[in-house]
Amino acid sequence: MYKRIDKNDIDFLMNICGKEEVIVGEDINEDFSHDELGGVEKYPEVLVYVNNTEQVSKIMKYSYENNIPVTPRGQGTGLVGAAVAINGGIMLNLSKMNKILELDEENLTLTVEPGVLLMTIGQYVQEKDLFYPPDPGEKSATIAGNINTNAGGMKAVKYGVTRDYVRGLEVVLPTGEIINIGGKIVKNSSGYSIKDLIVGSEGTLGIVTKAILKLLPLPKKEISLLVPFPDLSQAIETVPKIIKAKSIPTAIEFMERDVILAAEEFLGKKFPDNTSDAYLLLKFDGNSKEEIEKEYENVANLCLDNGAYDVFISDTQERNESIWSARGAFLEAIKSSTTEMDECDVVVPRDKVAQFIRYTHDLQKELNVRIKSFGHAGDGNLHVYILRDGMDDKTWELKLKESFDCMYKKSRELRGQVSGEHGIGYAKKGYLHESQSEPYMNLIKNIKVGFDSKNILNPGKIY
């Protein structure tokens, strides 16, 4: 059993962080009882804003000695309840640790605190003619949140995911000890890769208090293609052919007409084209227009050969921003069209994407529930949303479970995985157990015990 927070604990926290940084009980804002989707709700007993690694270390040491659960928290933009204090206790808010500490242009690294926002990193390095490639849709997320979920985003098809850009980490362990793993080195075969265990661990193994990120030179030119198709199957079935043609776009997104219309209404502005049932949206980048033209011309011709109606080329910054701002608004647009929603963040092999989406169309009719989707066709990561609309509590609970059960079963049949980039958290852990073998889950459990024998750091998540 975990210890309940008492006056002595509050006094300790105020002594470490200052009275103004400690919020107790009913004074805690409702926002901290849930994450972005809000499906999982539970208040911490105390919310603490930390300002440096030493405070995090002292609080973790005290919590470990006193058996108090601790939940690390950033901006709360997660979608699976990973930053919700399921067991009460202390919520550590790291959003005030938001300094950019060092830009090393010789080694092409950026060292940051955990609360720095993704959009801040992007703007900062771009001014230096550099580039941080991971590009999740939620730009107001913190970098530690991205690290904890191994966030991917739209550019993963060419550049990879967050794990590929984390060179080093400073981590506070559940015991309060501080370790530094990795660094500015490019290669490392020195024992187990603890760094890669921390990335994607959803705050269950340690608390990231500093990160060294790999940067790239900023591509000088970007061009986007918006490609309308008669139907989604035809659009998505073109994607493996694009990849096979070796003209790798930076991003390959799929979308359907109804989601575009929702985004138009939400943003109050028109998409370049909304007349077709399905679209691929592709981005190419490089150092010259000529270099990119060779790439995109091959892909444009390939799309036309595979049934595309047309290819709209956006070769100015203004046009690119218009298209991609609409794509970035899809989640909020869908959310604004209903009373509540939940997400199935599956990833399947590229050549199975069309099959999975066709299945969701059939499921929508079978279960009489609205299902909307969009996603990263280039890496098989699909964002499928089940919408509540006017359902009462009991019906919604039943329809949601039926929808998830069916979709996760289908993803297993297609040799996919439960989550492509949003993680498991609390909401999806049952589906992880169903999709993985007992020996695999035992390994997960034993890794957790190795880091956190008292199970006080973000308990109740993943396994």
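Colleague: What makes up the lining of the largest pocket, by class?

Modeller: Bearing in mind that the model is predicted, the lining of the largest pocket has 14 nonpolar, nine polar and nine charged residues. Among the lining residues, Gln 126, Lys 155, Glu 222, Lys 283 and Glu 321 lie nearest the centre of this pocket; Glu 222 and Lys 283 count as charged because Glu and Lys belong to that class, whereas Gln 126 counts as polar.

Colleague: Which elements each supply at least two residues of that lining?

Modeller: They are α3 (118–127), β7 (130–131), β12 (221–229) and α11 (317–328), and the space in this pocket comes to about 1300 Å³.

Colleague: Why is β1 called an edge strand?

Modeller: The open sheet of four strands has the order β1-β2-β4-β3, with mixed pairing. Its edge strands are β1 (22–24) and β3, each of which pairs on one side only.

Colleague: At what angle does helix α1 run to β2?

Modeller: Helix α1 (residues 7–17), which lies across β1, β2 and β4 (90–93), runs at about 10° to β2. Helix α2 (residues 53–66) lies across β2, β3 and β4, and runs at about 165° to β4.

Note on methods. Residues numbered from 1 in each chain as written. Predicted model: local features only at pLDDT ≥ 70, side-chain atom pairs only at ≥ 80, totals over all residues. Heavy atoms only, no water. 1 Å grid on protein atoms, 1.4 Å probe; cavity = no way out; pocket = protein on both sides within 12 Å on 5 of 7 lines; lining within 4 Å. Points joined across faces, edges and corners; volume = space filled by probe spheres on them. Pairing = 2+ DSSP bridges. Contact = heavy atoms within 4.5 Å. Axes fitted to C-alpha atoms, helices over the stretch in contact; angles between N-to-C directions.
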